[in-house]
Amino acid sequence: MPRTKKTRSAKVGLPPGSLVHVGEKLSEKSKISLIHYDELSLQEMEIQQISGCASFLKKTGVNWISFQGLPEIPVLEELGLSFGLHPLTLEDILNTDQRPKMEDYGDYLYIVLRMFHPESPDRGELKSEQISILFGANFVLSFEEKDTGTFETIRERIRNTKGRLRKSGPDSLAHALMDAVVDHYFLLLENLEERIEGMEEDLVKAPSAGFLNTLQGLKKKMILLRKSLWPLREMITSLERSESPLINKSTLLYVRDIYDHTIHIIDTLETFRDMLSGMLDIYLSTISNRMNEVMKVLTVIATLFMPLTFVAGIYGMNFKYMPELEWRWGYAMAWVLMLAIAGGMLLYFRKKNWW
Amino acid sequence: MPRTKKTRSAKVGLPPGSLVHVGEKLSEKSKISLIHYDELSLQEMEIQQISGCASFLKKTGVNWISFQGLPEIPVLEELGLSFGLHPLTLEDILNTDQRPKMEDYGDYLYIVLRMFHPESPDRGELKSEQISILFGANFVLSFEEKDTGTFETIRERIRNTKGRLRKSGPDSLAHALMDAVVDHYFLLLENLEERIEGMEEDLVKAPSAGFLNTLQGLKKKMILLRKSLWPLREMITSLERSESPLINKSTLLYVRDIYDHTIHIIDTLETFRDMLSGMLDIYLSTISNRMNEVMKVLTVIATLFMPLTFVAGIYGMNFKYMPELEWRWGYAMAWVLMLAIAGGMLLYFRKKNWW
Amino acid sequence: MPRTKKTRSAKVGLPPGSLVHVGEKLSEKSKISLIHYDELSLQEMEIQQISGCASFLKKTGVNWISFQGLPEIPVLEELGLSFGLHPLTLEDILNTDQRPKMEDYGDYLYIVLRMFHPESPDRGELKSEQISILFGANFVLSFEEKDTGTFETIRERIRNTKGRLRKSGPDSLAHALMDAVVDHYFLLLENLEERIEGMEEDLVKAPSAGFLNTLQGLKKKMILLRKSLWPLREMITSLERSESPLINKSTLLYVRDIYDHTIHIIDTLETFRDMLSGMLDIYLSTISNRMNEVMKVLTVIATLFMPLTFVAGIYGMNFKYMPELEWRWGYAMAWVLMLAIAGGMLLYFRKKNWW
Amino acid sequence: MPRTKKTRSAKVGLPPGSLVHVGEKLSEKSKISLIHYDELSLQEMEIQQISGCASFLKKTGVNWISFQGLPEIPVLEELGLSFGLHPLTLEDILNTDQRPKMEDYGDYLYIVLRMFHPESPDRGELKSEQISILFGANFVLSFEEKDTGTFETIRERIRNTKGRLRKSGPDSLAHALMDAVVDHYFLLLENLEERIEGMEEDLVKAPSAGFLNTLQGLKKKMILLRKSLWPLREMITSLERSESPLINKSTLLYVRDIYDHTIHIIDTLETFRDMLSGMLDIYLSTISNRMNEVMKVLTVIATLFMPLTFVAGIYGMNFKYMPELEWRWGYAMAWVLMLAIAGGMLLYFRKKNWW
Amino acid sequence: MPRTKKTRSAKVGLPPGSLVHVGEKLSEKSKISLIHYDELSLQEMEIQQISGCASFLKKTGVNWISFQGLPEIPVLEELGLSFGLHPLTLEDILNTDQRPKMEDYGDYLYIVLRMFHPESPDRGELKSEQISILFGANFVLSFEEKDTGTFETIRERIRNTKGRLRKSGPDSLAHALMDAVVDHYFLLLENLEERIEGMEEDLVKAPSAGFLNTLQGLKKKMILLRKSLWPLREMITSLERSESPLINKSTLLYVRDIYDHTIHIIDTLETFRDMLSGMLDIYLSTISNRMNEVMKVLTVIATLFMPLTFVAGIYGMNFKYMPELEWRWGYAMAWVLMLAIAGGMLLYFRKKNWW
Ligand SMILES: [Mg+2]
Ligand SMILES: [Mg+2]
Ligand SMILES: [Mg+2]
Ligand SMILES: [Mg+2]
Ligand SMILES: [Mg+2]
Ligand SMILES: [Mg+2]
Ligand SMILES: [Mg+2]
Ligand SMILES: [Mg+2]
Ligand SMILES: [Mg+2]
Ligand SMILES: [Mg+2]
Ligand SMILES: [Mg+2]
Ligand SMILES: [Mg+2]
Ligand SMILES: [Mg+2]
Ligand SMILES: [Mg+2]
Ligand SMILES: [Mg+2]
Ligand SMILES: [Mg+2]
Ligand SMILES: [Mg+2]
Ligand SMILES: [Mg+2]
Ligand SMILES: [Mg+2]
Ligand SMILES: [Mg+2]
Ligand SMILES: [Mg+2]
Ligand SMILES: [Mg+2]
Ligand SMILES: [Mg+2]
Ligand SMILES: [Mg+2]
Ligand SMILES: [Mg+2]
Ligand SMILES: [Mg+2]
Ligand SMILES: [Mg+2]
Ligand SMILES: [Mg+2]
Ligand SMILES: [Mg+2]
Ligand SMILES: [Mg+2]
């Protein structure tokens, strides 16, 4: 998400395409693995040195090189030379605060996604990483900031000879990677939903003092998600409309499927937002009602005793000639008078529904 | 409408096109029926086994297979093979939390609708089901989640030899099914209208304590409906603009008619929303006015008695030399003084319109 | 404007094109009149039976059949057969709760308008009727719900041999009918303007208790008008862009003129809305200021007497040894003390501008 | 600006193109002057009778006829005949409540502008007039409602042989006229800016009672300006995109320059609006803070004296056996007690920061 | 930023293209320097007289003339003649209150940018200058209002023989200049972020009285930035879509990179705005809660003592026959009664959670 890390400003004055890591470094070491497959064969290996890697690539089938943890700058430069990557692509891979986008460089497409981790959304800030995916005629490159096993299920599907992936090209693999990232949003949505439902129950019972802060915190998270989801949607739309020969027509149906998921996620988020704003309204009106109720009761009590105290004050006066004071039943009469006043006022208040 | 059911997350990691039921299961068993008709002939039957079903289909006329209750996964797979359906279509039929959409798969069009049941809108949440409609050159497939007789009137129209349906193709039948779903919104709107009118009457009399909650509940329902109506409108627009050869030009006029209905429904909902928000404004200002009125009256009373009590306090003092206390008419004078003060203040308050 | 009449739901299950009157029936009988004219000749007659009517039509010139009051269903069906009208057109003529629209049926254009009657806008709801206009190569059909003489001035213009209408075709007549309907909005706007200006004067003097309700009522009317004006604008735009051969190029300039009027009306309404919302702001802040003023004065009074009453209370204590009570000028001193306290507080309050 | 003058409704029923003056009549007499110029020659004259005017026109160069004050209806009709103007154009020239627009009539372009006079914006309503500009192959017609010398500088520029105007055609002159009108907005903006800055200073010192009304008045003026500026912008855009042969390509750069000015004016107005709304927020929160401050201090005073008065009340009781009353230092003790209570409460209030 | 400087109005009546400095003059003297370079050669010189300058230009490579401080009007006119610049371009260079834009004059492109200086954003208003960039087939002209070394790093890059700039044309240099300006926004964003984080900490502790003003000040700055960023984005988009032969296709990738930066900056600003508005909500609700808390406690105290004072008043009455006054334990009983009342009320208040 948009954040002004110091390093963004550290790049002021540098030419575009300068390789400087921007954003928090999430992982120190980078694990590089290569999978080559076509319908019939499959080959997996860990790569130590990127310089020799090009010789392993095959002309046909799909060569998938995945980086778990961003590579060191020399490794990235080497990679750029081997695959003919544009300096701006390399720069973007290292700038981990970008919004989702798709760029067509002719020989390859470059896709940036944001992956949100659902593990502990109820505490602190949302954790996310930037996922870069590049694919060309016979290769796919994927870059994760951390090794969190996001793409493990896809490796499994590739190993399975019967899967659709084995029969199709790099665009299908790229789709599968994107799909895996987008699917993770559903986990996050469920976490959020549970918390919102918890808050709804709280609201019915008695909202605690921290209610407003929790609500603001959730709202902040949704704004964050929203700012990543709208460009995601835009990106998928431009992928759908792209006329790159690197994308098979049959893959487009699958891209549309991710589009559906994205819209579904956005719709759900909007619903959450509506729920939060409804809860805020109810909370505020509850608080205000309660305050009004308190003030009303207290003021009724105070108002009730004003005339009574006045009556008591009257008969506390020291005039020499006050006939009532001498009466035998004067005191009783004063009580009767005061009770009558109190009773009359209470009846009136009750009738007016003030009490 | 958008909801994160557990099963959405259960699909994380699965390839697209995996058949898993997503959403609440509304019906356990699925009733399958086949109607074949053209202008001259009509044939109806219940189907037990989908595998043999293809042999019943006729090359000409319309073959309508309707599923009341979603089919079991093997049945769906069988169906997919018989009619050449894309795995993503089959997946969408089972994922019952989708927003309305239309997808052109070349050989067939796939339409998703949301059907709202009007039966008891005044209690609990809105009940809805997902309706899927597919149609190709000589067939229509329809999928309801529950057997609620939604399409019974259409079966009747088909049985009637003179109806327009008998003379036209699968696109007309698909239109009729869509029309039946959209028409049901009118029933729901009427229920909502009655409730809103009831609330308006309440508001004039005396809004009960639950007014705000009822209003929020209605608002929530309208948001839900709205989130299903805008994509519906979008879908019908794309149907109108579709250049699929599966849609007859004369059918387009009927599609435009549904478009009119959808806009009409949306307009009505917007009117409802305006009414609700107007009612909320009046309610809030009523509450606030009443509170102000109460506080004002009570404060006037309290303020009135402050000076009186002060006067009483004065003559309650125990100074040895207080001439007034000795006066013959001192007590009467005190009363006159107090009544004068009270009268003066009341006049002033009345003049200022505070009381 | 959008309303869910019972009859809308009564049509659930009926095929599209079913002729059922939807909406309130504004007139029981329908008057049918035919005018035929070209540059040289003019012929007027009342029609009793629509079946024979076709024989009166002439190939050249303009045949205008106008219905004042919606026709009975058999009459409408007869008319549909004579002029080759689509069932959906006939249905729309009877469904009097539609939003303005234009539909091109090839042989004829179908236009729906909403006509607001300005007669008594200050009481009850706005009264409106649906006007349907159809025109083809040599005919114009117009349908009013009530016979209110809306089109009488146009009949006069036709009778006048020199008018532009006599020299031009059905599109010009249709334009004239639309223009007459749109012009009526100006009358309504003037009524509304007078009422708003009245309210502005009220606001300066002293807003009565019903101010808020009157304002909400006006707002409601404007929402109603707005919901009819935006589709009207849209309709005129699509008429302008229509490529129907039924519309002469020279007529387009006149359509643009109506477009101007519509925009003018919309702009005026928006101005009204801004004025109303400005008045609401001033009203609310006036109310709140007044309340604050009252509470402040009352609280100042109460606060002023608290210390005084306290002093009186002090010297009302019954301690045996209270030197002040014995003093010759004790009572006077108490008064001086109290007046000093009161004066000091008043000065302080005045300085702080609280009073 | 949109206003429902009586005359708008007076035109109900009249055919389009009827010449009736709509709007306030700003000037009684109309001054007509003709300037003919090309690169080498210049000729100026006042015109008394429009009927003979056509004979003065030259085939080449630019003939500019300017009306200062709207012409009488017969003059306008004569003019229409001489220059082949459409009746709708003539009507629009007389309807002085139109929004800015551009209309292409083939032989000529018709432009409507609104000119705001900056002279005394701080009192009463904004004064404006409608400026109509028409230009064809060899002529420009301009219509002002009042003779306020708006175009005098342009006459000067024409008289200057070296100016760009003398070398170019009617489109350049039309541009110069439009530019003169748009430039006048800057004068108005400066007036508004001064007033807003004055209000900002007021706000820092002490907002007077009329603050809110002044602010609402300014807001109203901005809404008025805004409603004229957005269509102006739209109009210039359509002029830029117009493919009329009457506009030279080199003139388009100058049209873009006016577009820049318009956007600049709109941006400035939006800034003003933001400033006003920021000032309103600060004003309201200042008012509310002050009120709260007052209420808090007053309530603290009242609360402080409640317990003290209670203590005084205790020792004002008349029980026979109250040991404290007999004590030698009872009275002193009561004072100590009361001062202790008062001091304790004050300390507490101070600690809580209530005071 | 849009501002109505006096000079804007001073230009009323002048023809477009009149050279008048509009806006604050930021620098008195203008330093002119020329750099000529191609892949192999590099030549730098300071220019005293613009008239002879044209003779130094070379046909091939890039000639970059940079003005640090806006040139005097005669210098600008000379320049206009030498490079064939349109008068409107020259005018825009001097009008330093323009919004970012791009204009294609055929022989050259003209770009206006706004450069914000980050030096002391926490005090007073934002400081900014207008940067104009023109480039043609073999030249780049850049105009800064002040000599603040913005482009020094680019001079360094040119001096470095290996840089991309030396191998490419004027469009690349123009891109580098734009990139330098846009990069400076990141510095400003960081300043803003630090201040916002400081305010967030303040909010958790105790918001000072100036909180609202600081927040309004920041909001104002963001509106200012926003109004310059949206047209910047628009401008870059039109640059990307421009079909000018002056822009190399390979440069477009770099333009897209700046576009990314701009969107990133806008997104960050929007996030700031959301944070500010969230902080405002929390601040207002904190203030209101605190006020409510105070009023509640004070009212509880007052209410508590009303009945007690009443009891004291009762036994302060002077009736001759008041049995309680004679009782041995009457006084003690009165205390017990008052303590019981106080205790009961406190319990009730506590139970009701009012206290
Ligand atoms: Mg976004
Ligand atoms: Mg956005
Ligand atoms: Mg974008
Ligand atoms: Mg976006
Ligand atoms: Mg799907
Ligand atoms: Mg979906
Ligand atoms: Mg969409
Ligand atoms: Mg939606
Ligand atoms: Mg939306
Ligand atoms: Mg939609
Ligand atoms: Mg219809
Ligand atoms: Mg409809
Ligand atoms: Mg809308
Ligand atoms: Mg509408
Ligand atoms: Mg519309
Ligand atoms: Mg529409
Ligand atoms: Mg007109
Ligand atoms: Mg108009
Ligand atoms: Mg709008
Ligand atoms: Mg407008
Ligand atoms: Mg506009
Ligand atoms: Mg428009
Ligand atoms: Mg300019
Ligand atoms: Mg400008
Ligand atoms: Mg806007
Ligand atoms: Mg802007
Ligand atoms: Mg723009
Ligand atoms: Mg903009
Ligand atoms: Mg980049
Ligand atoms: Mg970026």
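Which residue of β7(B) stands opposite Q68(B)? The residue is E144(B). The model is predicted; local features need pLDDT of at least 70, side-chain atom pairs count only at pLDDT 80 or more, and totals for chains, interfaces and linings use all residues. Residues are numbered from 1 along each chain as its sequence is written, chains are lettered from A in the order in which they are written, and side-chain values use heavy atoms, without hydrogens and water.

Strand β1(B), residues 31-37, runs antiparallel to β3(B), joined by seven bridges. There, S33(B) stands opposite S66(B). Buried means under 20% relative accessible area with a 1.4 Å probe, protein chains only. In a regular strand, side chains alternate between the two faces of the sheet. Both faces of β3(B) are covered, with V62(B), W64(B), S66(B) and Q68(B) on one side and N63(B), I65(B) and F67(B) on the other.

Chains D and C also meet. In contact (heavy atoms within 4.5 Å) are 61 residues of chain D and 55 residues of chain C. Six salt bridges are counted between these chains (a side-chain nitrogen of Lys or Arg within 4 Å of a carboxyl oxygen of Asp or Glu). One of them links R256(C) to E103(D), with the closest N and O atoms 3.4 Å apart.

Definitions and conventions. Buried < 20%, exposed > 50% of the residue type's maximum accessible area, 1.4 Å probe, protein only. Helix = DSSP H or I, 4+ residues; strand = E, 2+ residues; numbered from the N terminus. Pairing = 2+ DSSP bridges.
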